[in-house]
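The sequence and the structure come before the text.

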Amino acid sequence: MSRDGRAVLITLDRERHLRFDFNAMADLEAALGINLTRMEAFSSLGLQMLRGMLWAGLLHEEPKLTLREAGTLLQIYLDGGGQLDVLGGKLVDALTQAGYS
């Protein structure tokens, strides 16, 4: 967790902070074309959902980040030995911190 208690620390290309605010969630809905008000939307974390969630969770600190750039960060994470299940856990933690659990 980060200093402000609402973000979750993750190391990708560098230390970053995952944080989901209302705008990030709305942007994620728009990008993926799904309704996130139902938690079933998170029941199956496919590659597009993982990339989209990472993107949305980083928008607060890098507003111009694109989905493709988020995919590159995800690849850097994996190439550095990161695991998708750990990333998924951090994304869920950040959603919980934001009150979306």
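In helix α2 the buried residues are Met 49, Leu 50, Gly 52, Met 53, Leu 54, Trp 55, Ala 56, Gly 57 and Leu 58. The model is a predicted one. Because nine of the twelve residues of α2 are buried, the helix is largely enclosed by the rest of the structure. The cover over these buried residues includes strand β2 and the helices α1 (22-32), α3 and α4 (84-97).

The length of α2 can be checked against its residue count. At 1.5 Å a residue, its twelve residues should span 16 Å, and the C-alpha atoms at its ends lie 17 Å apart, which agrees.

The second topic is the charged side chains. Side chains of opposite charge can pair when their charged atoms come close. With a cut-off of 4 Å between a side-chain nitrogen of Lys or Arg and a carboxyl oxygen of Asp or Glu, the count comes to three salt bridges.

| Salt bridge | N to O distance |
|---|---|
| Asp 13 and Arg 16 | 2.7 Å |
| Arg 14 and Glu 62 | 4.0 Å |
| Arg 16 and Glu 62 | 2.8 Å |

Salt bridges link Asp 13, Arg 14, Arg 16 and Glu 62 in a network.

Arg 14 forms a salt bridge with Glu 62. This pair links distant parts of the chain, with Arg 14 in the loop between β1 (8-11) and β2 (15-18) and Glu 62 in the loop between α2 (47-58) and α3 (67-79), 48 residues apart. Arg 16 also forms a salt bridge with Glu 62. Here too distant parts of the chain are linked: Arg 16 belongs to strand β2, Glu 62 to the loop between α2 and α3, and 46 residues separate them.

Asp 13 is partly exposed at 39% relative accessible area. Arg 14 also counts as partly exposed, with a relative accessibility of 43%. Glu 62 has a relative accessible area of 25% and is partly exposed.

Definitions and conventions:
Residues numbered from 1 in each chain as written. Predicted model: local features only at pLDDT ≥ 70, side-chain atom pairs only at ≥ 80, totals over all residues. Heavy atoms only, no water. Buried < 20%, exposed > 50% of the residue type's maximum accessible area, 1.4 Å probe, protein only. Helix = DSSP H or I, 4+ residues; strand = E, 2+ residues; numbered from the N terminus. Expected span 1.5 Å × (residues − 1). Contact = heavy atoms within 4.5 Å.
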